[in-house]
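Here's a quick briefing for anyone opening this structure for the first time. Have a look at the sequence and the model, then read on.

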Amino acid sequence: MNKTQPPMPRRQSDRASAIEAVLAGRELPDDEAEFRKQRDITFAVEDAAEQAEKSVPAIRRAAGREYTNTLRRDHDRMQKAFFAKLIDMKIAYDELHDLKRAIQSQGVGVHDLFQVDAQQLLGVPTDPSCELNYLIREGHKAGYCKKVV
């Protein structure tokens, strides 16, 4: 019965190859040197990856600044348009608030007037600390609108 031999384990196979190489007069491969070379390459790749990973946040910030700078002109135009409308609204709101106070100060009820009142949302327009006045002050500081008293 002709049985084929099972494959030799890797070490035996390597050993057999080494024996054949020596008998044939060839040099044996320097496995240790090859291992060191591959290890050094692996360390170099890992170091390069680490350096690249460290530079990603700075690259991302720079790209973000560049991108937002391309949007600056449109942003500023939209902000100025928004604050122009906000100032118009503030003037109308001040007039409504003055009318309501004038009616109330004469002891007359407002009856069906002022059913929809923005005071809860916008605050009292004469109060410098209300959100509306704060927003307008911030818009003025940023240069999006003229100061409104």
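Which residues make up the largest nonpolar core? Keep in mind that this is a predicted model. That core has 10 residues: Phe83, Leu86, Ile87, Tyr93, Leu122, Cys130, Leu132, Ile136, Tyr144 and Cys145.

**The core**
- Two elements give two or more residues each to this core, namely helix 2 (31-105) and helix 4 (131-141).
- Helix 2 gives the most, with 4 residues.
- Ile136 is one of the core residues, and it touches Phe83, Leu86, Ile87, Lys90 and Cys145, leaving aside residues up to four places away in sequence.

**The cysteines**
- You'll find 0 disulfides in the structure.
- Cys145 is in no disulfide either, and its nearest cysteine sulfur is that of Cys130.
- Cys130 counts as buried at 4% relative accessibility, and Cys145 is buried as well, with a relative accessible area of 14%.

- Where does His111 sit? Look in the loop between helix 2 and helix 3 (119-122).
- His111 isn't a glycine, yet it has a positive phi of about 50°.
- Buried or exposed? His111 is exposed, with a relative accessible area of 65%.
- Phe114 is also found in the loop between helix 2 and helix 3, and it has a positive phi of about 60° although it's not a glycine.

Definitions and conventions. Residues numbered from 1 in each chain as written. Predicted model: local features only at pLDDT ≥ 70, side-chain atom pairs only at ≥ 80, totals over all residues. Heavy atoms only, no water. Disulfide = S-S within 2.5 Å. Buried < 20%, exposed > 50% of the residue type's maximum accessible area, 1.4 Å probe, protein only. Core = buried A, V, L, I, M, F, W, Y, C linked by side-chain atoms within 4.5 Å. Contact = heavy atoms within 4.5 Å.
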